[in-house]
There are 2 protein chains.
Amino acid sequence: MYDIIILGGGPGGYVAAERAGQKGKKVLLIEKETLGGVCLNHGCVPTKSLLHSAKLFKNAQFSGQYGVEADNVSFNFQQAMHWKNTVVSTMVHGVDFLMKEHNVDVLYEEGTLLPDNSVQAGEKIYKAGSIIIATGSSPSVPPIPGIDSSSVITSRELLQIQKLPSSLTIIGGGVIGMEFASLFSTVGVKVSVIEMLPEVLPMMEDRMARIVRTEMKDVDFYLNAKVDRIENNTVFYSREESEASVASDLILIAAGRKANTGSLQKLNLAYRKGFLSVNEKMETNIPGIYAIGDVTGKSMLAHSASRMGEVAVNTICDKRDRMRYNAIPWAVYTIPEAAGCGFTEKEAHESGLNVHSGMFQMKNNSRYFAEHGKGRGMCKIVTDAETGIIVGIHLVGGVSSELIAGAAGIIEAELRIEEVKQIVYPHPSLSEVIRDAVWSLT
Amino acid sequence: MYDIIILGGGPGGYVAAERAGQKGKKVLLIEKETLGGVCLNHGCVPTKSLLHSAKLFKNAQFSGQYGVEADNVSFNFQQAMHWKNTVVSTMVHGVDFLMKEHNVDVLYEEGTLLPDNSVQAGEKIYKAGSIIIATGSSPSVPPIPGIDSSSVITSRELLQIQKLPSSLTIIGGGVIGMEFASLFSTVGVKVSVIEMLPEVLPMMEDRMARIVRTEMKDVDFYLNAKVDRIENNTVFYSREESEASVASDLILIAAGRKANTGSLQKLNLAYRKGFLSVNEKMETNIPGIYAIGDVTGKSMLAHSASRMGEVAVNTICDKRDRMRYNAIPWAVYTIPEAAGCGFTEKEAHESGLNVHSGMFQMKNNSRYFAEHGKGRGMCKIVTDAETGIIVGIHLVGGVSSELIAGAAGIIEAELRIEEVKQIVYPHPSLSEVIRDAVWSLT
């Protein structure tokens, strides 16, 4: 008998297991494949490793302006993939160590929820006071004629290819599509992106999404374009009532993700649009059963899953906590990077908030200029006009992905303009753009 | 008649001028050389530009592990210096633009304070309701026999050299000494550092300073070493009662800085250890005269000077404000970088605070590992044991200099352990080490 059984060892499940273990709970973590889940094995971490290699490749080619010269700069894809695999396996080992350190039992099986709230894994039945569902999500494959063509793959397969394709078509201009577009175009693959909406990266301020897209100069973007069918390695799409096509070695489907619920079908769990329904304590409709992470469809990000795991464990342990979504940062690790936290100006308007916004161009920041010259990076701040509370911070350029945690702290702590003005930012650092954007409000 | 006259156009003076201009004050800024002061023209900004070039050079040479290969990687020092000069002149132009935008009059003269609180500049006398002294500091040149040798230079001259020396001896292992040691050793100069104390970078946690020093593998460090004399290009030092010497093309004096007070001698301003005495509103002992930045000897950092400028202007404008030093971040842009904010554990003990500390190794962070492998970076958190308030955050490795602003926000807002645990950090990012170090406290 366990205190908690967790289904799925991704960043939701393993963090929940760690926190529960820290609190002395007896925990069973059931994972059908590898600890770390999609994020660590087939998603965020391997792409970030490869994007780092791509960034180094670009820097080695184009740093003459900064005084660095080199001949015959080449990208060894096999070595980059080898390093990526080393990163993944090292980190998986780290999660395994964390589980042992916190006395979490790990079972490598597919776990199935049974009607009496027990879990079947292999031949055995396991019982616990509480169950946390953290089964994650998988790529959705939209019903496009010809999508079963052998040249069509998902992100998971793309991270396992043995050699670089000469060309790649990406269906979907969201985070996954854009990161792969950035990665492969930087290392010399001819990349096309087909996106149904008028702009890529829909969670982003329009103007900033446009910067990311237009900075990816070697990528062909087809916006407002609907994919009609795939024939072998050619994607046919229609745009403004005319049809066109693009042919490539590989076709990546990056058109959203769907909840993994196959192992939950024996229970009458409540769903909302295909995802498990949960309240702010991560409780499902069935007492004793919690759900966290992508399977809930709320904020499908690794770090949201981890935080949801902490909320579920706190709830189980009778410690007051609740999940809030207003201060969750996101980052896109394209070249250039982008990141944001809280409301965009448009979202604030849509939710009826009266806001002011401030803006600062990164090229006026001395460290940014020293490292990038006149790039197009920027920082935008959105504040509640009545209270002065900062409700959104958005960045594109430089190490945006590393600055956004500071922004999340500001939004989480509900700091006001006047309070942020008193935070001292180190000079010369890119982080100063946040302070400067706040000052631009006056 | 002006509202405010500011003596010195560095990051203290020009930010004070900008803020006062924003508030509609009539401001005269008197600068004897170039807007931006030492920081922009001869200090932080040019060194960061050159350190960026050095970092790119290192990456271009040693990225085989990540799949990036190149032949004949070379460092074009003239081009790196040319780019550095472009960065400086572009940013100086930016400050000039800011002054015009905020209707600040700028006078390029040496301004001298007169006994009636007026200022003489050239032939003319200027008067104002308030005067802000922001005259900054200059390198101290310690009274070492032979220090007037032609091979001995300060940081200012070192930033203007035409070609790389083959060897460089640095007297002083503080921030300036260490940044130059990192820069020049990375681009192939044989560097030696002579430091009087048992460890370099005295404001840093000992253990972390040791990491920075030992990561600079090509630099020879002589600690606990007292410089006795210089003969031509040879520095003689004694250590453990025996004398030794090191010879090099150039010798950099990086042994602290002294206040620039030459233009203030006609007034009876109060001093403390050679620096102007001020209270928390930046008032000197003479009514109507304020002092900010390096000339006060308090927190000799560009961003501290800027914040002091804001406090002085707020005080002049009857807006309540006061200067606090507990949440000022610092950063050292060596390779690897280091940064900190608030108390070290030792400082906390010395000030009688009962503290707990938490620690996290960066190699266990997935982004750090992906980008650096098993490096020795770390994050340390110091908390008040009674209240749980976080009083210090210290980092070495990765983009520490960009993470420390988030840390400064946490310390400025006096967040507690339990509050920081609820801040969501993006995954995978290096910034997560702060959260992980906080979690290590439990």
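In chain A, 68% of the contacts between residues at least 6 apart in sequence join residues that are at least 24 apart. The model is predicted, and its chain A comprises 13 helices and 26 strands. Of the 442 residues in this chain, 55% are buried.

**Overall dimensions**

- The radius of gyration of chain A is 23 Å, which agrees with the value near 22 Å that a compact globule of 442 residues would have.
- The C-alpha trace of chain A extends over about 65 × 60 × 45 Å along its principal axes.

**The sheet β5-β6-β7**

- Three strands of chain A form an open sheet in the order β5-β6-β7, and their pairing is antiparallel.
- The edge positions belong to β5 (111–113) and β7 (124–126) of chain A; each has a single partner strand, so one side of each lacks a neighbour in the sheet.
- On average, neighbouring strands of this sheet are turned by 30 degrees against each other, with direction ignored.

**Pairing of β5 with β6**

- Strand β6 of chain A covers residues 119–121 and pairs with β5(A) in the antiparallel sense, over three bridges.
- Within this region, G111(A) has A121(A) in β6(A) as its bridge partner.

**Burial and contacts in summary**

- Buried residues account for 55% of chain A, and 68% of its contacts between residues at least 6 apart in sequence link residues at least 24 apart.

Conventions: Residues numbered from 1 in each chain as written. Chains lettered and ligands numbered in written order. Predicted model: local features only at pLDDT ≥ 70, side-chain atom pairs only at ≥ 80, totals over all residues. Pairing = 2+ DSSP bridges. Helix = DSSP H or I, 4+ residues; strand = E, 2+ residues; numbered from the N terminus. Axes fitted to C-alpha atoms, helices over the stretch in contact; angles between N-to-C directions. Rg over C-alpha atoms; globule rule 2.2 N^0.38 Å. Buried ≥ 20, exposed ≤ 12 C-beta atoms within 10 Å, placed from the backbone. Contact = placed C-beta atoms within 7 Å.
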